[in-house]
Amino acid sequence: MMETPVSKRLLRKKSLSRSYDENLMDDYLDKQLGSSSRKRFKTKKELEKETEKEAMIALSLGFPIDALLEEEIKANVVSELDGKQQNDYIVVRNHILSRWRANVHAWLSKGQIKETVSNEYGQLIHSAYDFCLFNGYINFGVSPPFKAQMPEEATEGSVIIIGAGLAGLAAAWQLLAFGFKVIVLEGRNRPGGRVYTQKMGEKDNYAAVDLGGSVITGIHANPLGVLARQLSIPLHKVRDKCPLYDPEGCPVGDEIDSKVEFIFNRLLDKVTEFRQIMGQSAADISLGLKYANAGCLSHLSAAYWDQDDPYEMGGDHCFLAGGNWRLIESLCYGVPIFYEKTVQTVRYGNEGVEVICGDQAYQADMVLCTVPLGVLKKQTIKFIPELPERKLEAIDKLGFGLLNKVAMVFPYVFWGEDLDTFGCLSRNSNTRGEFFLFYSYHTVSGGSLLVALVAGEAARSFESTHPSTLLHRVLSILRGIYGPKGVDVPNPIQSVCTKWGNDPLSYGSYSHVRVHSSGSDYDILAENVENRLFFAGEATNRQHPATMHGAYLSGLREASCIYRVTRGDSKQIHPRKSNRKIVGVCDILVNLFKYPDLALGSFHFVFDPSNEDPKSSGLLMVTIDSSTELSNDNGKVNSSQHSDKQPLKLYTIISRVQANELESVVGDSESLMTYLYKNLGLKLMGFDNFALIANSLISSIASKRGRVRNRIISGNRVSHT
């Protein structure tokens with residue numbers, strides 16, 4: 001899911017192939033324009049070449065060469081448009097972008113820019129830097145220096161994010177960096193959403209396979225490529241060699257392949273001419289040509305099926321070594337995620353938002369919904385008040401396709417070490433989306449992995465078929481191809497069949513422009529409602545739908561929108577003036593102390609399972625009976641002051657070594673309390689005060705415990721997900 005199996009660009013014209021190199025763009029520009037090595041003194045010609053190179057880098061990132069983005073105009077980055085100030089701003093902005101892209105591991109500060117740009121442009125430096133920073137064009141990702149830049153205490157409003165996929169995690173990182181209080185509610189028992197890497201194979205010989213989003217489509221300017229660079233994860237270019245086999249398993253000759261490709265491209269050209277003639281009427285006609293959008297052919301819009309083509313990321317398509325889980329895992333670090341929290345209701349209004357999961361309610365200033373379009377179509381989440389009519393229409397009109405996979409790990413690579421992909425034709429048009437393309441992951445997975453793709457209508461019937469039957473069909477195709485070559489196709493060690501269409505947390509794979517829809521529906525879906533309810537995800541990204549990077553970019557976008565709302569005019573909310581807390585923290589504490597790491601009578605301790613450092617901080621809860629009087633530094637704590645007759649729960653932060661000291665104390669709870677105050681110097685407090693000072697620690701421990709608890713791998717030999 002979240003990938004186009006066959007690049008739309010390749011469907012039109014074949015481009016020259018290059019091996020992946022993260023410095024490819026810089027090398028190319030250096031060759032064309034000269035080196036950008038900075039010198040103390042540069043000639044006018046050198047400065048012009050440097051400026052031109054930086055402009056080309058900005059262009060590759062989606063910025064126009066001689067104009068401002070619409071977002072820049074709205075942000076009032078310059079006081080006067082289309083003049084010298086705008087031109088100077090563009091040069092400064094391009095310089096900032098290229099400086100950061102040259103080293104994505106380090107935080108680029110405003111001071112560093114001032115060292116290389118004349119003081120006379122100081123105001124433009126502030127304007128361009130702040131725009132790039134707060135809109136996620138620089139200093140994004142998972143490098144340790146970025147984590148160090150996050151404020152220790154929240155200074156902004158509170159945000160609940162629904163969904164821990166790429167969009168939700170990207171937004172969470174940005175919002176935390178901006179100083180917001182954030183929690184993420186995830187319906188699954190794992191993060192990632194439609195990006196899901198599973199281990200397959202035998203014990204001590206596992207291989208990693210991406211059962212959801214897998215291909216990084218276009219490495220130039222791709223934010224996921226930036227994350228991979230920050231994590232030093234190797235990327236493998238998907239090689240151009242892709243043999244095609246007919247239904248009998250015979251290779252399709254190059255001449256026939258070229259002729260069919262030529263005819264296909266001519267058909268696409270005719271479609272372009274046709275829609276120019278038909279105008280708006282073309283929106284009512286289907287393309288009826290291809291299944292790369294994972295939707296039914298008769299549903300794909302002839303007018304707008306390729307509306308995102310101008311924004312495609314340049315460069316090679318790549319697999320990430322070890323699977324995309326490595327990106328997800330890094331993005332989860334330090335983010336408070338609470339699993340198995342399926343949202344049923346979202347209320348929003350002038351007083352804030354409330355998100356209901358079962359019998360738990362979470363309150364905050366704003367909510368960001370990142371659930372897949374398929375979930376919005378099913379209306380499994382009730383919005384109160386109902387969403388605006390234009391948004392409901394956009395949800396209904398946009399298409400949501402289905403791409404399923406059969407992943408198989410074999411004893412050895414029988415299909416050839418030099419192949420990353422190969423295709424197979426079907427004689428029956430009803431099944432042409434079934435096993436039409438095979439991906440080989442042997443170069444990046446650690447094992448002999450082969451994945452067969454199923455798209456469109458075939459993907460729906462696929463889900464009602466038993467996995468063993470599907471496996472038999474795949475093996476029949478493979479043996480029909482390789483048997484005549486004298487190659488023995490063994491039975492797989494393990495296989496997995498996905499069922500994204502029946503998954504109640506996705507109901508499909510990724511979006512496309514359906515008949516009667518257009519690219520503007522993506523924009524409508526991205527609109528916030530009353531500056532309280534925000535939306536992100538690949539189906540809200542008009543420029544990059546149906547891609548993993550589109551989802552990630554949408555999260556950065558919405559974090560920026562939420563930040564701007566908090567700094568907006570008087571008609572908008574100002575969370576910085578609000579003391580609203582995320583009420584769900586109370587529920588989080590209750591769940592944490594259901595399974596304490598240590599219990600000493602009424603003293604219960606919870607620690608971070610990933611940090612065994614004796615000095616690491618944990619949580620202590622002391623339950624005080626309604627008739628108990630205990631000493632503190634002010635004299636007595638009389639629990640009869642507690643209005644109800646329920647036991648009083650008090651809290652504090654405690655280290656592992658301090659907990660060990662308490663464990664060695666001989667005596668009852670009063671002895672432990674005396675030691676806590678007099679020997680350790682710790683004070684207990686009620687929930688409200690404790691939540692204010694320990695919110696980050698509570699969230700972090702809950703996140704770590706959830707991840708450890710949910711790392712369960714199915715042992716089924718033939719299974720589905």
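A: Let's start with a working rule: a charge sits over a ring if NZ of Lys or CZ of Arg lies within 6 Å of the ring centre and within 35 degrees of the ring normal. Keep in mind that we are reading a predicted model.

Q: Where does the charged end of Lys378 sit?
A: Lys378 places its charged end over the ring of Tyr507, 5.1 Å from the ring's centre.

Q: How many aromatic pairs does a search of the whole structure find?
A: The search gives 23 aromatic pairs. To read one, check the angle between planes: over 60 degrees counts as edge-to-face. Phe435 and Phe462 have ring centres 6.5 Å apart and planes at 75°, so this pair is edge-to-face.

Q: Which parts of the chain does that pair link?
A: Distant ones: Phe435 belongs to strand β18 (residues 434-440) and Phe462 to helix α15 (residues 457-462), 27 residues apart.

Q: Is Phe435 buried or exposed?
A: Buried means under 20% relative accessible area. Phe435 has 0% relative accessibility, so it counts as buried. Phe462 is buried too, because its relative accessible area is 1%.

Q: Which residues do ring pairs link into a cluster?
A: That cluster holds Tyr245, Phe410, Phe414, Trp415, Phe422, Phe438 and Tyr482.

Q: In which sense do strands β25 and β28 pair?
A: They pair in the antiparallel sense, over eight bridges, with β25 spanning residues 617-624. Within β28, Lys649 is the bridge partner of Thr623. Strand β28 (residues 648-655) is mostly covered, with six of its eight residues buried.

Methods: Residues numbered from 1 in each chain as written. Predicted model: local features only at pLDDT ≥ 70, side-chain atom pairs only at ≥ 80, totals over all residues. Heavy atoms only, no water. Phe/Tyr/Trp six-rings, centres within 6.5 Å; stacked < 30°, edge-to-face > 60°. Helix = DSSP H or I, 4+ residues; strand = E, 2+ residues; numbered from the N terminus. Buried < 20%, exposed > 50% of the residue type's maximum accessible area, 1.4 Å probe, protein only. Pairing = 2+ DSSP bridges.
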